[in-house]
Amino acid sequence: MGFLRRNPMKNQVMKSMLLVVAVALILKVGESREAVKAKPKKAPKRFESFEYSAMSCRAHSASLTEFGGVGDGKTSNTKAFQTAISKLSQYATDGGAQLFVPAGKWLTGSFSLTSHFTLYLHKDAVLLASQDLNEWPVLKALPSYGRGRDAAAGRYSSLVFGTNLTDVVITGENGTIDGQGEFWWQQFHKKKLKYTRPYLIEIMFSSDIQISNLTLLNSPSWNVHPVYSSNIIVQGITIIAPISSPNTDGINPDSCTNTKIEDCYIVSGDDCVAVKSGWDEYGISFGMPTKQLVIRRLTCISPYSATIALGSEMSGGIQDVRAEDIVAINTESAIRIKTAVGRGAYVKDIYVRRMTLHTMKWVFLMTGSYGSHADGNYDKNAFPQITGINYRDVVAENVTIAARLEGITDHPFTGICMSNVTIGLAQKAKKQPWTCTDIQGITSGVTPTPCGLLPDQESDKPAGCDFPTDDLPIDLVEIKKCTYRSNV
């Protein structure tokens with residue numbers, strides 16, 4: 001400091017230098033601040049979000065990719081599905097969870113769902129059923145059947161499976177489940193199966209189930225099989241399988257109560273809808289009927305089977321089935337009741353109206369000698385009771401045979417009613433359009449003229465055959481708007 005005082009000129013120079021340094025520092029700090037301000041911010045997180053309709057909404061969400069899922073059509077995702085569902089099951093008592101399957105081809109074997117859970121498939125998501133038998137657990141035969149359908153031993157678990165569940169939704173934006181059934185059909189035809197083929201979706205001993213807005217392709221066997229369950233909605237399902245594929249039934253409610261099937265389109269190698277409740281002595285012993293079933297706005301193509309079949313496995317009973325607004329094209333029969341001595345139980349209180357049919361072998365088909373028993377131990381005195389069968393408001397074109405109605409000797413099918421039915425016969429139709437044995441009933445306004453066992457009773461039934469006016473409980477279930485929201 002003394003030196004500065006003794007040298008005024010140098011003092012001034014030093015002051016100027018210090019000022020320059022200070023200004024430079026200030027400018028540098030300013031530039032740094034501006035650089036911080038100008039530094040690009042991280043892009044905000046984007047979210048995948050959509051709405052869908054369901055019986056129940058969920059508080060928690062996850063994507064299959066979060067659990068190692070790879071949608072390349074080659075990598076097995078069985079473990080990814082199992083891990084995801086196991087992890088999400090912790091939320092069952094905390095608002096439930098939903099698992100999102102994104103666009104991609106997701107190869108997988110069988111996996112089991114959990115309660116208070118939604119499985120949602122993106123519109124471009126495809127679940128591909130594995131052809132590795134190690135990815136298909138073997139289950140015991142259903143207790144109401146006593147054995148498997150394809151083999152006496154057990155059965156492979158369905159692709160999407162669940163048992164003893166409550167509140168389950170399987171839905172999507174018309175995403176696809178492809179059973180790759182050709183592998184299984186060949187094994188079936190070659191009689192190489194040790195166990196019964198898997199179904200695409202089976203839910204058993206469960207309640208409050210929704211299966212909706214999906215496309216199901218090439219199932220190894222049955223497509224949708226709710227069994228021993230209640231409060232079920234199957235809606236907006238498209239099912240497609242080759243018309244020659246074996247046993248590819250569309251939707252088979254089996255020993256179920258309070259079920260609704262609506263707005264479904266089915267092309268199948270077997271019955272489009274088959275209503276069941278157990279087989280011979282096993283079904284009689286189990287004793288669980290299918291009842292309170294409504295089927296609406298069904299479109300069916302099945303050249304070798306029925307639009308709606310009741311039976312043949314009906315040994316727990318079938319009661320209160322309501323079908324309306326049904327379309328069938330190039331299908332063997334519209335409504336078929338099939339049973340046999342040994343089945344026991346009943347098919348009663350069946351109501352069908354507003355059917356539009358084109359190119360059918362039969363319109364109405366009933367048989368009491370279907371055969372096909374679980375084993376040789378069925379009760380030869382277990383006669384099924386078929387009564388209270390109501391068909392009305394039916395228009396059919398290009399039909400080969402109007403009806404074949406064959407009851408059981410000394411145990412006729414009774415209470416058959418047909419009204420306002422117009423059947424246009426094909427050019428090569430059979431000369432005898434009606435075949436009737438061991439039945440009793442009445443008709444009103446039916447063309448061509450029915451057989452003598454179904455006399456015209458128009459004055460007794462001026463309003464046509466019965467159809468209930470009350471709602472089933474399943475029609476009163478509230479459908480909610482739900483949201484999925486997740487990081488992309």
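# Strands, a buried threonine and salt bridges

User: How many bridges join β25 to strand β27 (residues 434-437)?

Analyst: β25 and β27 run parallel, and a strand here is a DSSP run of E at least two residues long, just as a helix is a run of H or I of at least four, each numbered from the N terminus. This is a predicted model, in which local features need pLDDT of at least 70 and side-chain atom pairs count only at pLDDT 80 or more, while totals for chains, interfaces and linings use all residues. Residues are numbered from 1 along each chain as its sequence is written, and side-chain values use heavy atoms, with hydrogens and water left out. Strands pair if DSSP finds at least two bridges between them, and for β25 and β27 the number of bridges is 4.

User: Which residue of β26 is the bridge partner of V394?

Analyst: β25 also pairs in the parallel sense with strand β26, which covers residues 413-425, over 9 bridges. In β26, the residue that partners V394 is V421.

User: What is the mean pLDDT of the chain?

Analyst: The pLDDT is the predictor's confidence in each residue, on a scale from 0 to 100, and confidence is lowest in helix α1 (residues 2-6), at a mean of 40, and highest in β16, at 99. Over residues 1-46 the pLDDT is below 50, and this stretch has 7 contacts in the model beyond near neighbours in sequence, a contact being heavy atoms within 4.5 Å. In the chain, 89% of the residues reach 70 or more, and the mean is 91.

User: Is T248 buried or exposed?

Analyst: T248 sits in the loop between β17 (230-240) and β18 (257-267), and its side chain has a polar contact of 2.8 Å with that of S245 (a pair of N or O atoms within 3.5 Å, where within protein one must be able to donate a hydrogen and the other to accept it, and residues adjacent in sequence count only if both atoms are side-chain atoms). Leaving aside residues up to four places away in sequence, T248 touches several others, among them W185, N223 and D270. Buried means under 20% relative accessible area, exposed over 50% and partly exposed in between, with a 1.4 Å probe and protein chains only; because T248 has a relative accessible area of 0%, T248 is buried.

User: How many residues apart in sequence are the parts that R155 and E202 tie together?

Analyst: R155 forms a salt bridge with E202, with their closest N and O atoms 2.9 Å apart, where a salt bridge is a side-chain nitrogen of Lys or Arg within 4 Å of a carboxyl oxygen of Asp or Glu. R155 lies in strand β10 (residues 155-156) and E202 in strand β14, so the distance in sequence between the parts they tie together is 47 residues.

User: Is D271 buried or exposed?

Analyst: The side chains of D271 and K338 meet in a salt bridge of 3.1 Å, N to O. K338 lies in strand β23 (residues 333-338) and D271 in the loop between β18 and β19 (273-275), so the pair ties together parts 67 residues apart in sequence. K338 counts as buried at 6% relative accessibility, and D271, at 2%, also counts as buried.
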